[in-house]
Amino acid sequence: MHYPAIDPIVLQLGPFALRWYGLMYLLAFGTFYLLGRARAGSRGFTSADVSDLVFYGVAGVVLGGRIGFAFIYGFDRLAQDPLWLFRIWEGGMSFHGGLVGAVGAMWLQARVKGRTFLEVADFVAPLVPIGLGFGRLGNFINTELPGRVTESTLGIHFPCAAVRELTATCFGEFEAVTRHVSSLYQAIGEGLMLFVIVWLYSRRTRPTGSVAGIFLLAGGILRFATEFFREPDPHLGLFLFDTLSMGQILSLPVAAFGVFLMAPRRVNP
């Protein structure tokens, strides 16, 4: 099976072009808003609070995700073409950079509303995973995040343009070998599975910080697992005896901090 050819532009009206990648982010923040409205009343938040979180979140996630990707995964390209940092429609967002940006947005909202940071984090955590899934669907449409070579039935032929930096033996339109579609794996893991875990966990009253903790713990584990199917960035490769990718290394402290936030639950059930 070959990678489906999808036009990156959904709608073109004169100079205005709506791209699938941008649409995925609109869907992500729209879902965040709708889920937040549904969750707000029972958690002591208002519709205005949710709107403020969306406003702060858009700035934090987009800036953090893009800057994180540029400096962690694409520094060489950034050095050659600094304006590439602002061409978000070309793809390239870091989960961990976006997480840092989201933390900044939640801290600001907590300061403005007179809440603790962990109260805001617990409210936000169940609203985020679906948006992460949409982001990975945007990666899929952009033919980003090529997977590792596989002979399993799950593998598909990637376009040579998508794997040019990974191999010098790809000629023509499609690569001869098949690869895992790691973008879809991560859409299911970081999106659907993480949403189900965090949403169900948050339905009961939990100690402050525990919901944010399960989001970080489960998210770190799922990201760590799906990275085994993703081809490491060629300029970074693998670390620790050629076993772990940069994404996996960054996921370890995320999961560890999640355990730390959940620790009070074990002490004070």
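Author: Contact here means heavy atoms within 4.5 Å. By that criterion, among contacts in the protein chain between residues at least 6 apart in sequence, 69% join residues at least 24 apart. This is a predicted model, in which local features need pLDDT of at least 70 and side-chain atom pairs count only at pLDDT 80 or more, whereas totals for chains, interfaces and linings use all residues. Residues are numbered from 1 along each chain as its sequence is written, and side-chain values use heavy atoms, with hydrogens and water left out.

Reader: Why is helix 8 called roughly antiparallel to helix 9?

Author: Axes are lines fitted to C-alpha atoms, for helices over the stretch in contact, and angles run from 0 to 180 degrees between N-to-C directions. Helix 8 (residues 182–201) and helix 9 (residues 210–226) pack at about 155°, with their axes 9 Å apart. Angles over 145 degrees count as roughly antiparallel (under 35 is roughly parallel, 65 to 115 roughly perpendicular, the rest oblique), and helix 8 is therefore roughly antiparallel to helix 9. Their contact includes Tyr185, Gly189 and Met193 of helix 8 and Ile214, Ala218 and Leu222 of helix 9.

Reader: How do you know that helix 1 and helix 5 are roughly perpendicular?

Author: The axes of helix 1 (residues 20–40) and helix 5 (residues 117–124) come within 10 Å and cross at roughly 110°, and helix 1 and helix 5 are therefore roughly perpendicular to each other. Phe32, Gly36, Arg39 and Ala40 of helix 1 meet Asp122, Phe123 and Val124 of helix 5 in this contact.

Reader: Why does Thr143 count as partly exposed?

Author: Partly exposed is the range between buried and exposed, the latter being over 50%; Thr143 has 23% relative accessibility and therefore counts as partly exposed. Thr143 is found in the loop between helix 6 (129–141) and strand 3 (149–150), and, not counting residues up to four places away in sequence, Thr143 touches Tyr3, Pro159 and Ala162.

Definitions and conventions: Helix = DSSP H or I, 4+ residues; strand = E, 2+ residues; numbered from the N terminus. Buried < 20%, exposed > 50% of the residue type's maximum accessible area, 1.4 Å probe, protein only.
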